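Dear colleague,

Please find below the structure that I am handing over to you, together with its sequence. My findings follow directly after it.

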Amino acid sequence: MPFTGNVRDTLCVQEDRVVGNDNTVRYKGLVMQIAADRHRHHFVKAKVRVHEYPDGQLVIFHGPRCIGRYQPDGSPITQEDSKHKVA
C-alpha cells in the first residue's frame, strides 16, 4: 500500500512545548514570539508542537492548526515572505 501522508511532516523533528507567560516558545536556544490571530489573542500555557524541517524552518502547531512559521534563526516568516518564496 503506498504512503498517503505528508512526507515533509514525517521527516521532521517534532517536539512538544508549553507556551510561556510572554506568549513565546523556546526551542534549541531560540525564543519564538507567537503573533495574535483572529482565533486567539494569546496561547499562554497552551501545549504546542514544534516541527523542525530538514531545511531548518520551524513551524509551531496548536493541535492541527499552524500558529507560526519561523526561519532557522527564529525570525518569523510573514505572509509576504511566503508569497515571494520560489517553489
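The model is predicted, so local features need pLDDT of at least 70 and side-chain atom pairs count only at pLDDT 80 or more, while totals for chains, interfaces and linings use all residues. Residues are numbered from 1 along each chain as its sequence is written, and side-chain values use heavy atoms, with hydrogens and water left out.

**Overall fold.** The protein chain contains two helices and six strands, in the order α-β-β-β-β-β-β-α from the N terminus. Helices (H or I, at least four residues) and strands (E, at least two) are DSSP runs, numbered from the N terminus. Of its 87 residues, 30% count as buried; buried means under 20% relative accessible area, exposed over 50%, and partly exposed in between (1.4 Å probe, protein chains only). Among contacts (heavy atoms within 4.5 Å) between residues at least 6 apart in sequence, 42% join residues at least 24 apart.

**Strand 5 and its partners.** Strand 5 is largely enclosed by the rest of the structure, because four of its five residues are buried. Two strands pair if DSSP finds at least two bridges between them. Strand 5 runs antiparallel to strand 4, with four bridges, and antiparallel to strand 6, with five bridges. Five residues lie between the strands in the hairpin of strands 4 and 5, where glycine 56 takes a positive phi near 95°. The hairpin of strands 5 and 6 has two residues between the strands, and glycine 63 in its turn has a positive phi of about 65°.

**Nonpolar core.** A nonpolar core is a set of buried Ala, Val, Leu, Ile, Met, Phe, Trp, Tyr and Cys residues joined through side-chain atoms within 4.5 Å. The largest one has 14 residues, and Val19, Val25, Met32, Ile34, Leu58 and Ile60 have the most contacts inside it. Strands 2 (24-27), 3 (30-33), 4 (47-52), 5 (58-62) and 6 (65-70) each supply at least two of its residues. Beyond four places in sequence, valine 19 touches residues including Val25, Ile34, Phe43 and Val48.

**Aspartate 16.** Aspartate 16 lies in strand 1 (residues 13-18) and is exposed, with a relative accessible area of 61%. Leaving aside neighbours within four places in sequence, aspartate 16 is in contact with Val48 and Arg49. Its C-alpha atom is separated by 5.7 Å from that of valine 48, 32 residues apart along the chain.

With kind regards
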